[in-house]
Amino acid sequence: MSTQTKEAIKEKSMIIQKDMLARQFHELSITKETGKKVVYTFVPGNLTELILSFDMLPVYPEINALQSGMRKKSASYIKEAEKMGFSEDVCTYVKCDIGMMLNGNIGPTGEKLPPPDLLLLSYTGCFTFMKWFENLEHLYPGVPVAMLHTPYQEDGRITPDQVEYMVKQLKEDVIPKMEKVSGKKFDEERLAKMMVNSAKAEDLLVRILASAKHRPSPIDAYFAGVYYIGPIFTAFRGTEEAVEYYTELYDEVMERVRLGLGPVTPEGEMKEEKFRLVVEGPPNWTNFREFWKIFYDAGAVIVASSYTKVGGVYDLGFRHDSTEPLESLAKYCMGCYTNMNLPQRVDLLAGYVKDFKADGFLINSIKSCNSFSAGQLMIMREIEHRMEVPVGFIESDLVDPRYFSYANIKNRLESYFQMLGQRKIIMEQETEKIF
Amino acid sequence: MNPLNNILTYCNEVAFDMNFTKAKQWKAAATDRALIGFLPIYFPREITHAVNGLAVGLLGVGDRKQIIKGDAYYQSYICHLPRGIIELALDNSLDAFDGFIFPSICDCVRNLSGMFKLAEKGKFQRYFDYPQNFDALIGGVFYGQELNKIIEDTYQVNGVKLTTENLNHSIALYNTNRKLIREIYNIRQEYPWRLSAVDTYTILRAGLVIPVEEHNPMLEEVVEIISEERGEPMDNIRVVITGSFCEQPPLGLIKSIEMAGCYIVDDDFMLGSRWIQGDIDAHTEDPLGALTHAYLTDSTFSSAMYDVGNPKGKRLVSLVRDRNADGVIFSAASFCDPALLDRPELQKTCDEAGIPHINFQYHENTGQFKVIKEQAGTFSDSIKLWA
Ligand code: SF4
Ligand code: SF4
């Protein structure tokens with residue numbers, strides 16, 4: 001049955017999130033009147049609480065880019081940037097964002113986004129971030145840039161020296177710039193109070209994502225997961241609203257567990273869970289629905305994904321800590337998924353395969369994103385070797401539709417699902433023999 | 001054979017030897033030596049030299065080695081350099097190496113450090129995070145900590161302790177190395193026909209695989225030779241090449257540009273060897289501090305460094321002016337995000353300064369240069385025509 005003919009289920013949490021986003025973008029569209037200052041920054045290693053503590057509004061160019069992808073606007077934006085001289089080879093988020101800016105900077109709700117008053121370059125887990133904001137700095141001449149260099153977890157851990165380095169940058173560079181732009185004094189107490197809310201929402205998110213350990217999984221931790229992480233990875237972490245949203249979402253998910261229900265898909269509830277998968281890599285946004293449909297049509301549920309950890313790997317225990325707000329921001333930045341070294345990433349993913357009792361491990365390798373993609377083939381070999389599960393590999397892009405080949409991806413996934421199906425039959429037969 | 005030919009023959013042999021025979025021989029000559037491989041762009045080799053180590057530049061395999069295993073580790077849309085490096089690691093060409101340094105220039109090199117960890121290549125695999133904060137008390141302290149980690153790693157390999165005296169001595173040797181390279185570039189600026197860009201490249205690249213004590217006298221000899229007139233001036237234009245700081249262009253590409261009528265008067269091929277622009281204090285009680293100070297205050301411009309406040313475009317234009325160049329060739333490895341993301345802004349700055357430019361992309365193993373040669377030829381002709 002086609003997607004159009006079925007009524008999508010709208011749960012209360014979805015409505016709450018939609019309202020939150022509408023309010024956020026509206027608030028951004030009226031900054032001229034309200035005088036609120038605007039900070040452009042990135043999702044991984046974002047300092048949302050700090051920005052909000054100065055009563056400034058964050059804007060995340062990555063989110064704008066992905067929204068443009070979903071709204072089928074990215075192709076023309078990317079072309080626009082390529083006309084400016086950007087190579088076809090480079091990250092399409094950057095090109096999409098620059099193209100959007102050149103086309104009037106219209107946000108996902110159709111309202112114009114304000115220009116930045118501050119570019120907060122939280123340089124976490126991705127080299128391209130630096131290049132991106134160096135470019136924006138030229139496109140928005142005169143706008144101050146605050147660089148926060150986040151050291152990579154090259155040793156597989158966060159060291160006190162690294163925390164100290166980050167805190168010094170916050171104190172000496174980032175905060176003074178925020179004070180100057182906002183005209184307000186840094187209020188550590190206010191920041192700490194927000195972090196209490198952050199930790200509450202983080203606790204709830206961890207429990208929501210862990211619910212996929214149930215059979216059937218009540219959620220899809222990738223396709224629906226990207227919606228679940230929205231508020232906490234962006235403008236709402238540290239707010240009461242975020243806590244309310246996650247409380248509602250948690251209750252809904254628990255209700256599904258109680259009723260033994262599978263995940264909600266755009267075509268209603270998934271009836272039979274045939275395969276449980278762990279997915280590495282971001283999704284494709286230009287054909288998000290079609291992409292998802294290939295999975296739910298086959299009864300494949302994503303029980304855990306690395307993409308839902310780009311804005312924080314909270315399941316490893318990190319929580320924003322109101323007793324040491326700046327140190328906690330530093331640790332948060334360094335803990336994000338793409339700031340973890342490859343052996344850590346392998347351990348995390350192998351742990352997901354085991355803990356979520358996955359039948360397979362799949363990589364969606366994104367052309368744009370070296371941060372994720374470089375080394376993924378080695379990750380795949382390691383997981384296959386360690387976990388002895390079938391591994392799959394597909395390629396697409398985030399927001400460049402030229403790199404989403406539906407037929408190719410569908411073929412590959414169908415063969416992969418077939419292989420998973422055959423393996424299941426063999427394993428069941430073997431279990432029967434034993435008993 | 002004349003002395004320059006002798007030098008070039010030797011450099012050619014060592015610079016492109018993907019088995020690193022000379023470096024391995026150097027290591028085998030004593031038991032307390034450490035052989036450390038490092039990736040582009042910059043690594044302060046002084047800290048390895050001072051503890052009885054040899055830091056060897058791993059710049060990819062170019063067209064010198066067939067990639068058999070490496071392609072299975074990289075998607076088609078990732079640049080070529082790391083697949084060559086992983087090939088070397090997997091076919092055991094790097095087995096004599098004790099450790100590896102991966103400077104923080106991009107996510108490919110960063111993740112390659114993890115691949116070396118997973119493959120357990122070398123006794124250590126160190127990601128070397130360049131600070132992007134240039135305050136001595138913040139980024140400077142961090143840089144010092146990064147250096148100390150590598151010093152400790154090397155100590156664990158050969159048990160040699162770093163002393164102030166040794167580090168000062170090593171700094172002095174590399175100061176000489178950098179000074180001689182600067183001299184070669186300065187002479188070439190005036191008389192580019194005396195030493196071709198390909199030969200310059202080969203001589204500099206050899207310096208990344210042999211001890212500095214051996215490289216310095218060679219450079220001195222080159223300086224001496226090219227201080228005298230040799231070769232014939234041609235009616236060529238003068239260009240600066242930028243964007244080739246990591247994955248190296250094949251020699252054929254450099255040759256093609258020259259043959260198309262362009263003298264390459266500056267470039268960023270061997271940027272790591274020229275990274276620090278002046279001399280580093282070699283008579284100090286705190287040589288690590290001196291290395292740090294040099295990094296913070298005397299680094300060249302590069303796509304790997306945060307440039308707000310000191311934009312690369314401006315620095316590129318100054319370089320073009322200083323070298324009295326006619327134009328810029330933007331030449332970047334395909335899929336090299338750092339170089340390619342910088343390109344539009346650099347081009348714009350060149351436009352504003354009235355500096356003509358062209359651009360192309362390459363792979364280290366590109367074998368066809370016809371198009372590039374034509375492009376460079378047309379560029380040269382158009383500059384001559386409008387001059
Ligand atoms: S390279 Fe990846 S992480 Fe970086 S901006 Fe692009 S998509 Fe985001
Ligand atoms: S060529 Fe560019 S992208 Fe590739 S490893 Fe080097 S710096 Fe990174």
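**Close-up views of the predicted model**

Figure 1. B:Ser170 is buried, at a relative accessible area of 1%. In this predicted model, the residue belongs to helix α7 of chain B. Its side chain forms a polar contact of 2.7 Å with the side chain of B:His49. A polar atom of the B:Ser170 side chain also lies 3.3 Å from the backbone nitrogen of B:Ala50. Leaving aside residues up to four places away in sequence, B:Ser170 touches B:Glu46, B:His49 and B:Ala50. Because the cut-off for buried is under 20% relative accessible area, the value of 1% places B:Ser170 in that class.

**Figure 2. The second largest pocket.** The volume of this second largest pocket is about 600 Å³. Its lining consists of 33 residues, and those nearest the centre are B:Asp266, B:Gln277, B:Thr300, B:Phe301 and B:Leu319. In chain B, at least two lining residues come from each of α7 (164–190), β5 (237–242), α12 (312–322), β7 (327–333) and α13 (337–352). Helix α12(B) gives the most to the lining, with 5 residues. Sorted by class, the lining of the second largest pocket has 12 nonpolar, 9 polar and 12 charged residues.

**Figure 3. The shell around ligand 1.** Which residues surround ligand 1? They are A:Cys91, A:Tyr93, A:Cys126, A:Thr128, A:Phe129, A:Trp132, A:Ser368, A:Cys369 and A:Leu398. Helix α7 (residues 128–139) of chain A gives the most to this shell, with 3 residues. The shell around ligand 1 has 7 nonpolar and 2 polar residues, and no charged residues.

Figure 4. The structure holds 10 cavities of 30 Å³ or more. The largest cavity has a volume of about 150 Å³. It is lined by 17 residues, of which A:Tyr123, A:Thr150, B:Arg110, B:Tyr127 and B:Asp129 lie nearest its centre. The lining of the largest cavity comprises 8 nonpolar, 6 polar and 3 charged residues. Of the 13 residues lining the second largest cavity, B:Cys79, B:Cys106, B:Cys246, B:Cys336 and B:Pro338 are closest to the centre. By class, the lining of the second largest cavity divides into 10 nonpolar, 1 polar and 2 charged residues.

Figure 5. Most peptide bonds are trans. The bond from A:Arg215 to A:Pro216 is cis, with omega near -5°. A:Pro216 sits in the loop that runs between α9 (188–210) and α10 (225–228) of chain A. In chain B, the peptide bond from B:Pro40 to B:Ile41 is cis, with omega near 5°. B:Ile41 is located in the loop between β1 (34–38) and α3 (46–49) of chain B.

Figure 6. Most residues other than glycine have a negative phi. A:Lys72 has a positive phi, near 60°. A:Lys72 is placed in the loop between α4 (61–70) and α5 (74–83) of chain A, and is exposed, with a relative accessible area of 58%. At B:Asn92, phi is likewise a positive value, near 70°. The loop holding B:Asn92 lies between α4 (81–90) and β3 (99–103) of chain B. B:Asn92 is partly exposed, at a relative accessible area of 42%.

Conventions
Residues numbered from 1 in each chain as written. Chains lettered and ligands numbered in written order. Predicted model: local features only at pLDDT ≥ 70, side-chain atom pairs only at ≥ 80, totals over all residues. Heavy atoms only, no water. 1 Å grid on protein atoms, 1.4 Å probe; cavity = no way out; pocket = protein on both sides within 12 Å on 5 of 7 lines; lining within 4 Å. Points joined across faces, edges and corners; volume = space filled by probe spheres on them. Helix = DSSP H or I, 4+ residues; strand = E, 2+ residues; numbered from the N terminus. Nonpolar A, V, L, I, M, F, W, Y, C, P; charged D, E, K, R; others polar. Buried < 20%, exposed > 50% of the residue type's maximum accessible area, 1.4 Å probe, protein only. Polar contact = N/O pair within 3.5 Å; in protein donor to acceptor, adjacent residues only side chain to side chain. Contact = heavy atoms within 4.5 Å. Near = heavy atom within 4 Å.
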